[in-house]
Amino acid sequence: MGTAVLPAADAPLVVVDRVRQLYPKGGGDVLVLDDVTLALGDDEIVSLLGRSGCGKSTLLRIIAGLMPASAGQVTIGDRTVAGPAPEVAMVFQTFALFPWLTVLENVEIGLEAQGIDPVERHKSALAAIDLIGLDGYESAYPKELSGGMRQRVGLARALVVHPKVLLMDEPFSALDVLTAETLRTDLLDLWSEGRMPISSILLVTHNIEEAVLMSDRILVFSSNPGRVVAEIAVALPQPRNRLDPAFRQLVDDIYARMTARPVSKPAEGVFPGTGIAMVLPRVSPNLHAGLMEILAAEPYRGHADLPVLASPLHMEIDDLFPVAETLQLLRFAEVAEGDIKLTEAGQRFVQLEPDGRKKLFAQHVLAYVPLAQHIRRVLDERSTHTAPVGRFRGELEDHMSEDSADQTLRAVTSWARYGEVFAYDESTGVFSLDNPS
Amino acid sequence: MAEETDGRLDWARPLGLGPTGLLPNLYDVVIFILIAAVFVGLAHGAREMMAPTSRLTLEPVTLDAGNLPEYALRTTLRMFAAIVASLLFTFVVATLAAKSRKAELVIIPALDILQSVPVLGFLTFTVVFFLGLFPQSQLGAECAAIFAIFTAQAWNMAFSFYQSLRTLPRDLDEVSRHFGLSPWLRFWRLEAPFAAPGLIWNTMMSMSGGWFFVVASEAITVGDTTVKLPGIGSWLAVAIDAKDLRAVLLAVGTMAMVILAYDQLLFRPIVAWADKFRFEQTAAQQRPRSWVYEFWRRGRVIRRLSAVMAWIGRRLSMMSNPFGRPVRKVAPAIVGRIVDFLWLPIVLAVVAYALWRIFEFVESSLGWSDVTTAFGLGLLTLVRVIVLIALASLVWVPIGVWIGLRPWAANRVQPVAQFLAAFPANVLFPVAVVAIVRFDLNPDIWLSPLMVLGTQWYILFNVIAGASAFPTDLREVSTLFRLRSWQWWRSVILPGILPYYVTGALTASGGSWNASIVAEVASWGDTKLKAAGLGAYIAGATEAGDYPRVVLGIAVMSILVVAFNRLVWRPLYRLAERRFRVN
């Protein structure tokens with residue numbers, strides 16, 4: 001990405017210029033954000049769309065001044081961000097309300113920090129509460145409210161300090177489908193009627209439909225490291241209709257872009273790292289089997305469009321992609337261009353009885369998961385047929401963070417247990433070949 | 001729409017200008033009387049504390065029942081002075097440890113050790129020190145007693161507060177930084193409320209332990225100096241000298257009343273109030289209740305009064321933020337690194353100097369035979385502690401499980417168990433001693449149970465808590481499978497309550513070590529009973545004013561306690577946490 005497309009009008013509100021973020025760890029630094037450049041103009045809603053772990057939330061925190069960037073800079077107005085900036089206010093995924101303060105006190109907290117006179121503070125907070133549809137709940141405590149109501153408090157608390165830019169970190173992802181939809185619609189109403197005292201919104205999300213529904217522009221992030229891989233302007237008029245063919249087309253396009261294989265790498269390129277150092281997501285073999293069964297059955301018959309598959313299952317990309325991609329790693333399915341297709345082995349798996357499934361799964365785990373191969377080889381070679389987990393953890397941590405190593409080991413262990421490739425004793429931390437029968 | 005207006009007025013009403021009148025109601029009267037009584041008591045006690053030492057000789061502690069209420073008041077007051085000191089200590093030291101890595105390096109291990117040191121052994125030094133500090137006034141002895149209680153209370157409170165500060169929810173921390181809360185506002189809006197439940201629980205446990213020490217520290221003999229501060233502890237000492245069983249029983253009764261009042265008037269209201277600080281987003285099923293708190297909340301004038309206090313609090317929290325949003329200071333990295341680099345050598349140098357001083361002090365007056373004697377006696381006491389905790393567990397675990405699985409019983413027994421844990425067992429010692437003397441029993445064996453007399457209840461009420469929290473579905477499964485009873489104990493309930501049991505047993509064993517200093521030596525009039533053990537060794541050295549042996553005794557006991565904690569309790573607790581934590 002060179003320079004992002006700037007909105008036509010005057011100077012942009014927020015400019016993110018070649019921001020890089022590194023996390024230090026054992027064998028060198030991990031690059032989380034790679035030269036991210038973007039601009040946010042007046043009067044627009046921009047989405048940062050990407051999968052979990054792509055660094056989009058980190059970027060939001062850098063813009064908010066909550067953490068410093070390793071390189072590059074963020075400018076808001078004409079000032080470089082170095083610490084919490086008064087021009088932005090943030091809405092949190094977890095709501096982040098103080099459970100011991102009432103709704104009113106929670107909304108007032110930002111004003112209180114600015115040292116605003118209590119009477120004035122009270123008035124502004126009540127106005128924000130009114131605006132956001134919370135009147136009547138002023139003296140309630142957060143634990144008495146539903147998730148949707150809590151997020152409204154979060155929204156009121158952000159708006160009451162009159163920021164120029166509203167930063168929203170997956171604000172609807174902790175809510176149930178219905179509540180999230182209501183809140184989105186209400187927010188869009190307030191926005192289009194110009195009733196919120198803000199100039200623009202920067203929304204972080206992993207929900208493709210949400211991004212298409214709400215934003216004027218979508219910046220698609222890739223993972224490992226996070227960088228902007230596509231910028232999509234959404235020209236559809238508001239209010240948008242999810243069933244509108246143009247809407248569907250756009251969603252399909254974005255799915256395709258997000259599942260596109262990197263040109264230069266072979267299939268395992270979807271996971272960071274290669275060989276035994278591949279970082280694997282924890283996906284239960286039950287989910288693998290479940291997805292394969294659904295794919296094999298009517299109406300898909302072995303081939304499905306990912307967005308079409310996702311919506312009746314109520315799975316978002318963060319739930320669906322890891323299952324699809326591990327199926328691809330195990331050669332039970334192929335994922336490309338927003339489509340998923342069962343391979344011949346996948347078809348066979350679905351036909352088999354439980355024991356046959358386990359055997360087939362074991363073959364594929366041993367053939368296509370290098371770490372499983374490696375552990376099995378070590379166990380075979382040793383006369384005791386046992387090996388402590390620490391041995392492999394150490395090897396993995398040369399290439400990845402502790403958390404990733406842990407997650408990868410757990411993933412491989414769970415697959416190996418299902419296929420009875422090897423056993424693992426949690427209390428002693430030892431892999432072995434003897435399966436208790 | 002009348003209802004709606006009403007509801008809105010409730011919060012929007014400016015201070016003191018509500019629609020209801022200012023006439024006090026019944027609740028106001030009750031609360032007012034209680035508060036007034038507290039203030040009168042405080043004033044009286046404080047005046048007495050400042051009295052010159054000569055008063056102690058002119059008006060010695062007498063066994064006149066009319067004096068008992070006053071003595072109880074004085075004892076309680078010492079207790080509160082200590083708890084206030086402990087809270088101040090907690091706020092300062094724990095905050096420092098949480099904010100500064102360098103301070104943390106020193107403070108946290110220190111707290112850990114201090115938690116396990118037998119504080120009664122300190123009395124020797126603190127009495128001498130404080131008497132020297134205030135030579136002409138009773139304040140010296142008072143300070144020594146208060147300090148003794150403080151040393152029994154402060155460490156776990158500070159530790160709890162530190163841990164809360166280190167585990168602040170990340171999102172709330174971000175909100176506070178995002179909106180630029182000043183450190184002061186941040187403390188009152190985020191840190192203190194978040195830490196409140198843990199701190200209050202630990203304060204309550206500290207107070208429970210504190211009664212024991214307040215009784216033990218009022219009548220002190222160090223070498224030639226004998227101090228008897230007016231209080232229940234001194235009353236007890238006098239009663240023992242006079243072989244007055246009636247007076248001992250009176251003290252027991254008074255102590256029970258005091259603890260009951262403390263529980264009802266102070267502890268329960270605070271717990272009920274602090275319920276709102278629990279960090280959870282769902283409303284709880286069962287909330288702690290307290291009649292005093294209900295009175296407080298229902299009282300009209302009181303409510304207004306607390307609104308005024310809240311308003312003052314809010315003004316306070318606004319203070320010290322005259323510069324708008326705080327500007328983050330970025331110290332040059334190099335300076336930080338140099339300080340980091342020097343910090344460890346500085347700490348090590350101080351430790352080396354201290355070691356040298358200790359060595360010099362001990363070497364000049366002690367030989368190696370003293371060290372082996374102390375360790376030998378220490379092992380005797382260790383055996384006592386292990387055997388007694390094991391016995392207490394055998395008795396109380398089954399009973400605790402039985403009670404805990406029956407909610408009606410648990411609701412009734414739990415407060416009693418907590419009451420018994422708070423009750424200072426040393427008040428009961430004379431009764432036991434009378435029995436030992438009367439039946440001519442072997443003190444080496446029969447003095448030992450006194451060590452767990454007060455501490456066994458920690459096992460009971462923790463096991464009750466664990467069994468009450470045991471998930472119903474797991475119980476139902478085991479009923480369905482008709483597990484035989486030993487199998488049920490081994491694979492269902494014991495693993496389920498293990499984390500709770502370990503917590504209780506750890507507290508009980510720590511308390512027993514401390515109690516050994518008082519329990520291994522007992523007297524009734526001229527009759528002296530003594531059990532061979534480290535506690536008796538320390539007590540004897542204290543009475544003789546033999547400082548080197550006191551130091552040696554304390555050091556050996558600390559080593560044994562710390563080693564026992566590290567080698568037994570901690571691994572067990574970790575195992576329990578990892579494997580057996582239900583949910």
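User: What does Arg242(A) count as, buried or exposed?

Analyst: Arg242(A) counts as exposed, because it has 12 C-beta neighbours inside 10 Å. The cut-offs are 20 or more other C-beta atoms within 10 Å for buried, 12 or fewer for exposed, and partly exposed in between, with C-beta atoms placed from the backbone. This is a predicted model, in which local features need pLDDT of at least 70, side-chain atom pairs count only at pLDDT 80 or more, and totals for chains, interfaces and linings use all residues. Residues are numbered from 1 along each chain as its sequence is written, and chains are lettered from A and ligands numbered from 1 in the order in which they are written.

User: Where is Arg242(A) found?

Analyst: Arg242(A) is in the loop between β10 (227–233) and α7 (245–259) of chain A. Helices (H or I, at least four residues) and strands (E, at least two) are DSSP runs, numbered from the N terminus.

User: And which residues is Arg242(A) in contact with, leaving aside neighbours within four places in sequence?

Analyst: Those are Glu209(A), Leu213(A) and Phe247(A). Contact is taken as C-beta atoms, placed from the backbone, within 7 Å. Glu397(A) is elsewhere: its C-alpha atom is separated from that of Arg242(A) by 44 Å, and the two residues are 155 apart along the chain.

User: Switching to strands. Why is β7(A) largely enclosed?

Analyst: Strand β7 (residues 165–169) of chain A has 5 of its 5 residues buried, so the rest of the structure largely encloses it. Both faces are covered: one side carries Val165(A), Leu167(A) and Asp169(A), the other Leu166(A) and Met168(A), all buried.

User: Which strands pair with β7(A)?

Analyst: Strand β6 (residues 88–91) of chain A pairs with β7(A) in the parallel sense over 4 bridges. Strand β8 (residues 200–205) of chain A is joined to β7(A) by 5 bridges, also parallel. Pairing here needs at least two DSSP bridges between the strands. As for individual partners, Val88(A) is bridged to Val165(A), and Leu166(A) stands opposite Ile201(A).

User: OK, domains. How is chain A divided?

Analyst: Chain A is divided into domain 1 (14–258), domain 2 (281–364) and domain 3 (369–437). The bounds come from an automatic or database domain assignment. The C-alpha centres of domain 1 and domain 3 of chain A lie 41 Å apart.

User: What is the strand order in the sheet with β11(A)?

Analyst: The order is β11-β13-β12 (chain A), an open sheet of 3 strands with antiparallel pairing. β11 (303–305) and β12 (333–336) of chain A are at the edges with a single partner strand each, so one side of each has no neighbour in the sheet. The twist averages 15° from one strand to the next. Axes are lines fitted to C-alpha atoms, for helices over the stretch in contact, and angles run from 0 to 180 degrees between N-to-C directions.

User: Which helix lies across β11 and β13 of chain A?

Analyst: Helix α9 (residues 306–313) of chain A does, running at about 80° to β11(A).

User: Last one, chain B. How many helices and strands?

Analyst: Chain B has 24 helices and 4 strands. Of its 583 residues, 38% count as buried.

User: How is chain B divided?

Analyst: Into domain 1 (26–329) and domain 2 (366–583). Their contact takes 32 residues from domain 1 of chain B and 36 residues from domain 2 of chain B. On the domain 1 side, α11(B) gives the largest share, 8 residues. That side divides into 21 nonpolar, 7 polar and 4 charged residues. Ala, Val, Leu, Ile, Met, Phe, Trp, Tyr, Cys and Pro count as nonpolar, Asp, Glu, Lys and Arg as charged, and the others, Gly among them, as polar.

Definitions and conventions
Two residues are in contact if their C-beta atoms, placed from the backbone, lie within 7 Å.
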